Amino acid sequence: MQLKRLWFDINPVAKRQWQALLTQAGLMADEQVDYTIGLYDGDNLVATGSLYQNIIKCVAVATTETHQNLLAPLIKALLDRLDEQQQSHAFVYTKPCTAPYFEALGFKAVVATTHVVLLERGYPDLNAYQLLLDQRKVTSANAGAIVMNANPFTNGHLQLIQTALATCDVVYVFVVSEDRSQFDTQARLTMVQQAVADQSRVIVLPTNHYLVANATFPAYFLKDQADLAVAKEQAQLDATLFLRKISPILDIHHRFVGDEPYSPVTKVYNDQLAQVLTGQLQLTVVPRLTVDAQPVSATQVRQALAANDWATVKQLVPATSYHYLKGSQPHANS
């Protein structure tokens, strides 16, 4: 057996072999990876594993080879790669039947659905995040939750919060922590905090790695380029993690989302939330705020900013966001 790195851009044969092996193993050929290795028996790819940042994913062994312990050299090579990159915390996204192998390597299950399990090892972990949430918990009879990217924070986001406040005595607003948007994490968090500074019943929290994150729902950040079948599976995992591991800590009974006329991936997420939360938590889909008969979106604001159209920006965002945007430049990421 020979271990090789797979370069999809320059080796289409290897990419086809990789896709076929994952399909044979009952996995989606999720191409959102930045490092892939394979074990070859001659010219035949018999096992593979990938990394996306600190996430081990797309791990598969050919059905003809399962009698051999091919996972060990694969996982060792991937963990060595993470060590080289000084990653002290790692996730693995795998099938339930493979989870015990990773647990034997020190990984702990974060959440599981019928088809996938998310495990982690290292620190800070889910326990640390749950402790952070518990420290921010407010006694409540009917707590609600909203998860938003706020890229940037708009009047639509503000209306969503106000709608939740009309129903709930406390509203937890989770701001996506991943730096994969035009505005970086701190900028988005600051805009949300400024907009709700006069609302003592609104608690603003980070999502860290556990909601709409690279580990739970990477397809969210691909938008129009995302594979919707992959997005559906990831959205189900993300929704299940919220239901089982986050909402009980804060005693959340109600989740609010905006309806989605534009993004197919966000619509998939809303649909999966509806399925997962049914009978467990109440889900309210709030109609989008409109201006001049057009739904307000963060995309519109970013387009107006790019055109230096501050009149339009002022129509679409609260005064706090407008002053923030006027006073600072976007923290752009590639």
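Colleague: Where does Pro152 lie?

Modeller: Pro152 lies in the loop between β8 (143–148) and α5 (155–167). Helices (H or I, at least four residues) and strands (E, at least two) are DSSP runs, numbered from the N terminus. The model is a predicted one, in which local features need pLDDT of at least 70 and side-chain atom pairs count only at pLDDT 80 or more, while totals for chains, interfaces and linings use all residues. Residues are numbered from 1 along each chain as its sequence is written, and side-chain values use heavy atoms, with hydrogens and water left out.

Colleague: And which residue is joined to Pro152 by a cis peptide bond?

Modeller: Asn151 is, with an omega of about 5°. Another cis peptide bond joins Tyr123 and Pro124, where omega is about 0°. Pro124 is placed in the loop between β7 and α4 (126–136). As background, most residues other than glycine have a negative phi, and most peptide bonds are trans.

Colleague: On phi, then: what is the value at Asp292?

Modeller: Asp292 is not a glycine, yet its phi is positive, about 55°. Asp292 is found in the loop between β13 (290–291) and β14 (294–295). With a relative accessible area of 64%, Asp292 is exposed; buried means under 20%, exposed over 50%, and partly exposed in between (1.4 Å probe, protein chains only). Asn308 also has a positive phi without being a glycine, at about 60°. Asn308 sits in the loop between α9 (298–306) and α10, and is exposed at 55% relative accessible area.

Colleague: Turning to the sheet, what is the strand order?

Modeller: Seven strands form an open sheet with mixed pairing, in the order β1-β2-β3-β4-β5-β7-β6. At the edges are β1 (2–5) and β6 (108–112), each of which pairs on one side only. From one strand to the next the twist averages 25°. Two strands pair if DSSP finds at least two bridges between them.

Colleague: In which sense do β4 and β5 pair?

Modeller: Strand β4 (residues 55–61) and strand β5 (residues 89–94) pair in the parallel sense, over two bridges. Ile56 has Val92, in β5, as its bridge partner.

Colleague: Which helix lies across β5, β6 and β7?

Modeller: That is helix α7 (residues 228–250), which runs at about 110° to β6. For such angles, axes are lines fitted to C-alpha atoms, for helices over the stretch in contact, and angles run from 0 to 180 degrees between N-to-C directions.

Colleague: Now the aromatics. How many pairs are there?

Modeller: The structure holds nine aromatic pairs. Rings of Phe, Tyr and Trp (its six-membered ring) pair if their centres lie within 6.5 Å; planes under 30 degrees apart count as stacked, over 60 as edge-to-face and the rest as tilted. One of the pairs is Phe91 with Tyr210, edge-to-face at 5.9 Å centre to centre and 75° between the planes.

Colleague: Why does that pair tie together separate parts of the sequence?

Modeller: Phe91 lies in strand β5 and Tyr210 in the loop between β10 (202–206) and α7, so the pair ties together parts that are 119 residues apart in sequence. Both Phe91 and Tyr210 are buried. Trp310 and Tyr322 form an edge-to-face pair as well, 5.8 Å centre to centre with 85° between the planes.

Colleague: What about Leu211: buried or exposed?

Modeller: Leu211 is buried, at a relative accessible area of 0%, and lies in the loop between β10 and α7. Leaving aside neighbours within four places in sequence, Leu211 is in contact (heavy atoms within 4.5 Å) with Val147, Phe174, Thr216, Asp238, Phe242 and Ile246.

Colleague: Finally, how many disulfides does the structure hold?

Modeller: The structure holds zero disulfides, a disulfide being a pair of cysteine sulfur atoms within 2.5 Å. For Cys58, the nearest cysteine sulfur is that of Cys97, 15 Å away. Cys58 is buried, with a relative accessible area of 8%, whereas Cys97 counts as exposed at 63%.
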